[in-house]
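Please examine the sequence and the three-dimensional structure shown below. A short report accompanies them.

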Amino acid sequence: MLAVLGANPMTGYAALLDGAFGGAKNLANSALKAMPLLLVGVGITIAFRAGVINIGGEGQIIAGAILSTLFVLGFPDVPSFILLPLTFLVGAMGGAIWGGMAGVLKSYARVNEILSTIMLNIIAVQILNLLLRGPLMDPGEIVKGSRIPHTERLSGNADLPILPGGTRLHLGVLVAVLMAVACYFLLFRTTQGLRLRAVGHNPFASRYAGMSVKRNVVLAFMYSGAMCGMAGVTLVFGSEGHRLATDGGATTFTGAAGFNGIVAALFGGLHPLWTIPASFLFGALLVGANAMQRAVQVPAALILALNGLVVVFVVGSMYARTRLARTASESREQGEGSDSRSPERSGDPEPRNPP
Amino acid sequence: MRPATAGAPLLELEGITKRFPGVVANDRVDFDVRPGEVHTLLGENGAGKSTLMKILYGLYQADEGEIRLRGEPVTIESPSDAIEQGIGMIHQHFMLVPTLTVAENVALGLPSGRRLMQDLSPVQQRIRELSEIYGLAVDPDAYIWQLAVGERQRVEIMKAIYRDVSLLILDEPTSVLTPAEVEDLFVTLRQMTDGGRGLVFISHKLHEVMSLSDRITVLRGGRVTGRTVPSETSREQLAHMMVGREVRLAPNRSESDVADARLAISALEVLGDRGTPAVTGFDLEVRSGEVVGIAGVSGNGQRELAEALAGLRPVASGTVVMNGVDTTTKTPKEIRRLGVSYIPEERMRDGAIGEFSVAENLILTSHDLPPTSRRGFLNFKEIETGCSDLVRRFTVKTPSLETPTSNLSGGNIQKLIIARELSGEPEVLIASQPTRGVDIGAAEYIHTVLMDQRAGGIAILLISEDLDEVIGLSDRIAVMFEGRIMGTLGQEEATVQRLGLLMAGVSEGEE
Ligand SMILES: Nc1ncnc2c1ncn2[C@@H]1O[C@H](COP(=O)(O)OP(=O)(O)OP(=O)(O)O)[C@@H](O)[C@H]1O
Ligand SMILES: [Mg+2]
């Protein structure tokens, strides 16, 4: 396909591979790109496992970023080893609140979560732009009169420390991997995780067993949002400018991580641990696409579209395969399992299966 | 019995072997069906009956062996192949789409059903005609989710008749039916065989097997262990062939001390799915050490009653007091914590999560209590020992505790649920159709367990359509009809005839 665009495919892909994996520096860049994808992907995984779809990663990232930025602006002088954990916590809270709203809307007002999360994304972007053009704008920009919409350089105490090894890798990458492992434990080792998965698979049986489907849907969104909020923290405090910024458009500083994370999660088979390599590959793809653009002068967007197709095929075939395996096994005794989940039961919350 | 029809078999299965991880579900099984006969497949839970039939229906592929239809070797790769060859199957668990109407479900998968827009009126018309001919009462316009299990089953049969199958597989069709419904079904089935169709029948109820079958094949552990015809055998002998040991067919009742009321229902009114009253003016008391049976044709409010007691369905008016606490408006969890267990009627919907492992389902209701978990973390060592113990005590046949529950045979899923519900040492047990679909060996065990629990002082509300079971286990029997109690009989005075009249809505005075 590259050939059609008048570029040498060989050079192109060589550049992509080299840009993504060639040398420690490029590997580190891929890992940095993967970091928010991993956090979001893990969050998405929790939601999917609980039977809800969280398209609101973007909004939750922004909510986490704003809240943690406000926090650091308020307490710039707290020593680093206290400030950093608290910043992550506050960011997680921001995301959890934003995600939780979608959960509450779904559970208690029967608002479809796809609709509400998309709306919440739009609202978050607007709030971000408002804040950065107004109260949060860097005072220096106002003095200079250039009025670039970003905050001042945030307290150095909240900078994510660079990891030893001479690359740009910072603490955020470790946090992301740690959270993936933590979420694995949450989902498969705790009672809360059991409830989330139970509700995702079969709301009827969950209710029968004494679980509150509504409550668990809200919780799933909060956990999911918390992960995305932490992604927001890594994106602000691990950025080169160490500030919260916006381009005024719809994707702002997130680089669409809120959406790409969904792909990473699906690519990782909705398993928190598999999401780690899946995000890394996807991050590498994004980095490699830029290198390829430089090498063969094909717009990165186009390369991304091509690679997006590859991802769709991979995920699609995986999905088809698991789906086939599932139908085969379900159609034995369990055939009615999926059929009988009719939402018509009076007063029941809408059941849904992860696709 | 009618003479076995001469001529070429309609269907021959030869040397069928099917292996699953950890089990050989079918081991070189030979089986055939001649036109116009009912060939029964008998065997314990997990013997491999459903597996064999699913191979025939194209849901599974055999590892070895041959399938011949009318003498011709065939490969059946999917249910649509099977349907094309004129094979129909009524599954142990129904395969209907609850959000569609009866007519839509029947039309579903028909060649013309693939069109986006479809005029259903000819389908509805034909359904009405067929229900006349076969005496199958189904309303083509009703939604599946509104129907009781017995009614759903008639829809399944209607689907098969509509498609005009020449071979129909019925996997435990009667486990959800009342005796009267079973009689009607058998009339319908006989009508089908008289037309030259062949039937494969699977049931755990030996009297049904004796009355309907032309031939009987017994499976045990995936292997054919016996073939016979009803005229040359007896229920006891069949039971022995299935289980490999003597089985007591009637439960053993002992004396038990009846004490204070554990469950008191007064003036209960509950609405059904359609918003109309399903239970009205219902009063009942169950004391500790007592089994009170609820008999009745399915769809007369039993499901709604059980769900209301378990907190799964709102109570419209009236009160429920359990263990001295008013539970009328309590949540399912609060009710469970009061020592109330519930064996639900629809095991795959309410009772278990198919995707969960056997262990996860066994701890589903107690996962947040010690010792299963501590401070929110699951205690896998404890779970492992506790679950292996339950699996052993209740003879749940599973390759491992990690096996997905949907891979178990139907009867074993039921045993799993019962194991879980009795593991918490309840004070009140609501048991809906506790032995539906389980083999006679397991039913015997479940009955023994229920009797032990009764002797141990728990109060049991037994909702069952199996009259032998209700009479055998209950101290008192209330018959439910259209949401009310038609009459209550003591254990000694209860007979199938008297119960049958009450179930039909004829009160004692009117006889
Ligand atoms: N898809 C599957 N994966 C793994 N094991 C399976 C699968 N299907 C069936 N089995 C196993 O094969 C054996 C036979 O199961 P099958 O469902 O055929 O039993 P059955 O005779 O129909 O029992 P029941 O009377 O309880 O319905 C069981 O041990 C079951 O656990
Ligand atoms: Mg079976």
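The report below describes domains, a helix, a sheet and some backbone features.

## Basis of the model

This is a predicted model, in which local features need pLDDT of at least 70 and side-chain atom pairs count only at pLDDT 80 or more, while totals for chains, interfaces and linings use all residues. Residues are numbered from 1 along each chain as its sequence is written, and chains are lettered from A and ligands numbered from 1 in the order in which they are written.

## Domains of chain B

Chain B comprises domain 1 (11-243) and domain 2 (261-510), with bounds taken from an automatic or database domain assignment. The C-alpha centres of these two domains of chain B are 28 Å apart.

Between them, 26 residues of domain 1 of chain B are in contact with 22 residues of domain 2 of chain B; contact requires C-beta atoms, placed from the backbone, to lie within 7 Å. On the side of domain 1 of chain B that touches domain 2 of chain B, helix H5 (149-162), helix H6 (179-194) and helix H8 (235-243) of chain B each supply at least two residues. Helices (H or I, at least four residues) and strands (E, at least two) are DSSP runs numbered from the N terminus.

## A helix of chain A

Helix H4 of chain A covers residues 80-109, 30 residues in total. From its first C-alpha to its last, H4(A) reaches 42 Å, close to the expected 44 Å, where the expected span is 1.5 Å times one less than the number of residues. A:Arg110 follows H4(A) and has a positive phi, near 55 degrees.

## A six-stranded sheet

In chain B, six strands form an open sheet with mixed pairing, in the order S6-S7-S8-S3-S9-S10; strands pair if DSSP finds at least two bridges between them. Strand S6 (87-90) and strand S10 (223-228) of chain B stand at the edges with a single partner strand each, so one side of each has no neighbour in the sheet.

Strand S3 (residues 38-43) and strand S9 (residues 215-220) of chain B pair in the parallel sense over five bridges. B:Thr40 stands opposite B:Ile216 in S9(B).

## Backbone features of chain B

The peptide bond from B:Pro370 to B:Pro371 is cis, with omega near 5 degrees. B:Pro371 is placed in the loop between helix H12 (358-362) and strand S17 (373-374) of chain B.

B:Arg28, in strand S2 (residues 23-33) of chain B, is not a glycine, yet has a positive phi of about 45 degrees.

Methods:
Contact = placed C-beta atoms within 7 Å.
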